[in-house]
Amino acid sequence: MQTVLTNAQIYGADGRVRRGHVTIDGDRIGDVITNRAGAGDEGPAPVKGATVVDMKAAFLFPGFVDTHIHLTSLALKSLRCDLAPARSAGELYDLLRAYARIEDGPNVVGVDWDESRWSDRTFPTRTELDAIDERRPVMARRICGHMGVVNSVLLSKISDHPGFVDAETGLLREHAIWEAGRLVDPGPERLAAGMEDAIRGLHKLGITAIHDIVEPTRLEGYLEGVSSSSAPLRIDILLHVDPDDIGPYREMCEAHDAAFLRLAGVKCFLDGSLGGRTAALSVPYGDEDTTGTLLIPGDRADHIARGTIEQGLVCAMHAIGDRAIDQALDIMEPFSGDSPLFRIEHCEMVREDHFPMLEKAPVVLALQPNFVRNWAFRGGLYESRIGRERLHRCNPFRSFAAAGFDVIFGSDGMPPGPLYGLKGATEHPVVSERLTPVQAVDRYTRIPNLVGPHRREAGIIEPGRLADLVVLGANPAEGAGEEAEVRAVYVGGERVYSADERPGAPGGAA
Ligand SMILES: [Zn+2]
């Protein structure tokens, strides 16, 4: 079965766009025929039975890869109260109270509040959550996932986490809030039921592949959801698990078609978040006398790294603060090689003296330009946490590119969407750290498909590669962001999304 996409503006591996057509044979790209600039395209002589789709000069790009996401959070979204619209703790309580009235499940769970957008940045409290429901567990988790507030019922079930639990206010951080999350988990059936919608939501954003951080307790429902979903997505799982315990989870993943789902690595958290003031810094925060927290002792972290690599998996280390990046560099010190054995997730507060060590390390940097767009502007959350001087050294995208580091982009789900995120790279507040639009696009498309454990035959529109494609209304390689509207998406040659099903519409049925 052949599909021909005619009259397309095709993005090439050199960053240029050329008019022409692409044939898709099965799950692969067949021919890519480009004309001289500006010329029309009649397409090839029609093959009998082929589907011909006139792209009407729409832009054809390799499908986007979100290299750091939490699909389970998206899948559970409809089961939880969305606290993102709240503009104060009072509004948060209102949302949660209204939700508690209609939610008859065993728990009341709200997610994604962000006090950095509030004029009064006072956190919610346990006693106020008790007033909403004192019978059922109530949790209100901050957008970063590293901090949240719980009511008294839920607090009484949390085990001892010295330094991470404030019993008075009900504020939990890191291990403690993760435990609360497990206690209010809706279970594998409800997770599985939400997966297909979550995947279709990603297609709409042009995403054809993800690197996903998954909790082992959720893996069963996750895999069930993926196999029962009719929406294909390429998934590399980074499991948040001790490598000593990975055996059974590995088997569960291996039961799936590796062209679509594979276990790529182990995720560990060296520190927390800037929003939660748990990212580990060498110099105290600007707005509180703390330097955050390293979450894993040195020898334990070495053990995780060694265990992961011995099993042929990539070790993905969450490190935001410069002190956590110091630790990541210590962990990687004994390792070398051409293919990356490690990833650093976020790597935001990198210092000049980290560069020579990063250059030697077999590492990929998995960064989130959308964080820059969300919080790293004048007067934003990051400036109040670490001050302008340190802020301006954060996320030095251009310096990373100049040093030749392998950098890939993802969203951490805040929000997902490469067309939103890439503006954080091209409009970085420090002009000298801005990437060109082509550099930004490549870190969402070509580069994630080339690096180490994540290598796939996608990411470039050329013969023989996987036909994972996105059709766009404008050209992000010339600076278009969200206005470049996603018109259609193909995964393995199958059209999985179309903005307009009308016959003859770009990306619509022929
Ligand atoms: Zn994350």
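Strand S13 gives the most to the lining of the second largest cavity, with three residues. Strands here are DSSP runs of E with at least two residues, helices are runs of H or I with at least four, and both are numbered from the N terminus. The model is a predicted one, where local features need pLDDT of at least 70, side-chain atom pairs count only at pLDDT 80 or more, and totals for chains, interfaces and linings use all residues. Residues are numbered from 1 along each chain as its sequence is written, and side-chain values use heavy atoms, with hydrogens and water left out.

Back to that second cavity: its volume comes to about 60 Å³. A cavity is a set of points, on a 1 Å grid over the protein atoms alone, where a 1.4 Å probe fits but cannot get out, and lining residues have an atom within 4 Å of a point. Grid points are joined across faces, edges and corners, and the volume is the space filled by probe spheres set on the points. S13 (207–214) and S14 (234–239) each supply at least two lining residues. The lining includes Ala 209, Ile 210, His 211, Arg 234 and Asp 236, along with Pro 448, Asn 449 and His 454. By class, it splits into four nonpolar, three polar and four charged residues; Ala, Val, Leu, Ile, Met, Phe, Trp, Tyr, Cys and Pro count as nonpolar, Asp, Glu, Lys and Arg as charged, and the others, Gly among them, as polar.

In total, the structure holds five cavities of 30 Å³ or more.

His 68 is buried, at 0% relative accessible area, whereas His 70 is partly exposed, at 22%. Buried means under 20%, exposed over 50%, and partly exposed in between (1.4 Å probe, protein chains only).

Helix H15 (residues 418–426) is mostly covered, with nine of its nine residues buried. Among them are Tyr 420, Lys 423 and Thr 426.

How values were computed. On a 1 Å grid over the protein atoms alone, a cavity is a set of points where a 1.4 Å probe fits but cannot get out, and a pocket is an open set with protein on both sides within 12 Å along at least five of seven lines; lining residues have an atom within 4 Å of a point.
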